[in-house]
Amino acid sequence: MPLLRTPGGGPPDPRPKAPAARDAPGAARRTGARTRASARRRGPRRFTRRDLAVIGLLLGIPVLLDMVIVWGPTLASVLLSFTSWDGIGDISWVGLRNYENLFTAYPAFWPAARHNLLWLAFLGLVATPFGLLLAVLVDRGVRFSRFYQSTLYMPVVLSLAVVGFIAQLILSRDQGALNAVLGNTADPTDWLGDRDLNIWMILLAAAWRHTGYVMILYLAGLKAVDPSLKEAAAIDGASEAQTFFRIVFPTLRPVNVIVGVITVIEALRAFDIVYAVNKGRNGLELLSVLVTDNIVGEASRIGFGSAIAVVLLLFSLGFVVTFLVQEIRGESRR
Amino acid sequence: MTAAAPASGAAEPAPPRRRRGHRIRTGRIGVHAFLLTVSLAFLAPLLLAVYASLRPYEETSEHGYFSLPRKLSFDYYQRAFSDSEMTKYFINTLLIAVPGVLITLFFASFTAFCVARLRVRGSLLLLMLFTAGNLLPQQVIVTPLYVLFNRIPLPYWMSDSMTMFDSYWAVLSVQIGFQIGFCVFVLANYMRTLPQEILEAAIVDGAGVWTQYLRITLPLCRPALAALGTLQFTWMYNDFLWALVFISDGDKLPVTSALNNLRGQFFTDYNLLAAGSVIVALPTLIVFLLLQRHFIAGLTLGAGKG
């Protein structure tokens, strides 16, 4: 499993070269290929006309697609959120009225926003640390670790909709397995119907899938940690906990950022599970469900739905920017 | 501790190691017990779904899902395939996922090649654009796309709804546009680790950009492409939202979204739904078990870089 062992590293042969190039940027390039490198760097002369046509076409299509499918609509969402539109008639500019209505007059908004934050907190504070714990335990090289890995990863490949349906089998009031195990058939708990309870059950189902995902990422990160670091710490008399928190965990910083971004994104994108369970009603409201309801439903309030989407966008943007800053930093180091 | 300690450097850490060895053994049992419990807890929901799908509704409605079986059969699987035409929905899914994965990988690999190998002007900006685009919540772009697709006319042979809305083209293009971002990010990181000398040698030999991409770079990226292909197939297969929003004709739904159809208007046979869930989950589980290495590599390639 070469890929697992050197995540981000490709075939093993370029590895030894990489640190040298990183320590002295440009030095390696300057040595042999100075003239060629400078020629490659400068000007369009290095491409023939045919090259330019190939690049223009094959780079142009994905860039255009990205603009039309992702960035154009994002911009349009922001603009539409200041308008009132039903998708057919005239578009009229209403300024901040959609936001005003959203925050003050739309009863579903605050519960939904709260649920999204709860989702984030639960994944971030429960599922993610749990995934890290499992990764650390499996990484110690216990026997059967392959079995444990496969089992714990399994939910990751399941569609969230399927997770939602399976949750119903376990949690339904009258026939669900959980009530049968608990033996409270006389006064069964309606795990998914009770407004105060169901969000927690759904969070557990979401965590079931998220834990494995986090574990995969951390396990790869842990495998890439230089074992001599741990040995050095052990010789210096550090306990295992100290070694982990002071030595290993800080070196996992890039993985931590990725896991953080994924956790936030998952929490904001959460949709499929609640939609599969009860279309996101009755205690399972989420911002994503509100957006979908406002465009697909009979109301078709495009402007208003866009305002909710912009709230989601602003939520996510902070984290996305953090991630990009780390990426750019990594980029300049190369 | 021992008097001989100063004699050799290795003797000093020896005693703690022995003590730790003992602790590790008791610790190991604890770790195994913990991991085994968690693993079984993770497996239980899946096993329960399989179990429920094998039992008739009358039985589970009377005794609950957590009871001993009296009659086991594959009736529900047969019903799921005959009554609800799962085959049709599977074909719908494949019509979206297979071209989706191939086109995504093709364009993403060329973009990554331009960014990481040719270093065209504005590479960093391009990379950021693609990466950030993939991180946005889908709901941010869903509304304008819904409006847009409703306004793009398509000839009848492409879409019987005469618009891009309610056709595979809508779902396919969104899948590709959205997933290219992730693939560009992963592939660009991967291509950077390839030795630049190979490319330089090809340039000296007079290879054009297309040859450099197809003959020199792509073959070296085979592991990354396999990993991404596996991962992307699973993701596109599992998609629920795009089809739900962009397809209104129930017959065109992909299999994941079609699961909802197994639910009756007034009465839901959960055992049938369980069978449907198992059928839907099965291909991804098989892909995972057979290509686990690639699947995991796909996820970690994007994440674990120094």
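UniProt positions are given here in the numbering used for this structure, with shortened feature names, and annotations may be inferred rather than shown by experiment. On that basis, the unreviewed UniProt entry for chain B lists "transmembrane region" at residues 29-52, 89-113, 125-148, 168-188 and 270-291. The model is predicted: local features need pLDDT of at least 70, side-chain atom pairs count only at pLDDT 80 or more, and totals for chains, interfaces and linings use all residues. Residues are numbered from 1 along each chain as its sequence is written, while chains are lettered from A and ligands numbered from 1 in the order in which they are written.

**Chain B**
- Chain B has 14 helices and 0 strands, where helices (H or I, at least four residues) and strands (E, at least two) are DSSP runs numbered from the N terminus.
- Read from the N terminus, the element order of chain B is α-α-α-α-α-α-α-α-α-α-α-α-α-α.
- Chain B comprises 306 residues, of which 47% are buried; a buried residue has 20 or more other C-beta atoms within 10 Å of its own, with C-beta atoms placed from the backbone.
- Among contacts in chain B with a separation of 6 or more, 71% join residues 24 or more positions apart; two residues are in contact if their C-beta atoms, placed from the backbone, lie within 7 Å.

**Chain A**
- Chain A contains 16 helices and 2 strands.
- Of its 334 residues, 42% of chain A are buried, and residues 24 or more positions apart supply 66% of the chain A contacts with a separation of 6 or more.
- For chain A, the unreviewed UniProt entry gives "transmembrane region" at residues 52-72, 117-138, 150-171, 199-220 and 302-325.
- Residues 52-72 of chain A are 100% helix and 0% strand, with end C-alpha atoms 26 Å apart.
- Residues 150-171 of chain A are 73% helix and 0% strand, and their end C-alpha atoms lie 25 Å apart.

**Helix 8 and helix 10 of chain A**
- The axes of helix 8 (residues 160-171) and helix 10 (residues 198-223) of chain A come within 10 Å and cross at roughly 130°; axes are lines fitted to C-alpha atoms, for helices over the stretch in contact, and angles run from 0 to 180 degrees between N-to-C directions.
- Helix 8 of chain A is therefore oblique to helix 10 of chain A, as angles under 35 degrees count as roughly parallel, over 145 as roughly antiparallel, 65 to 115 as roughly perpendicular and the rest as oblique.
- Leu160(A), Val163(A), Ala167(A) and Leu171(A) of helix 8 of chain A form the contact with Met201(A), Ile202(A), Ala205(A), Trp208(A) and Arg209(A) of helix 10 of chain A.

Definitions and conventions: Buried ≥ 20, exposed ≤ 12 C-beta atoms within 10 Å, placed from the backbone.
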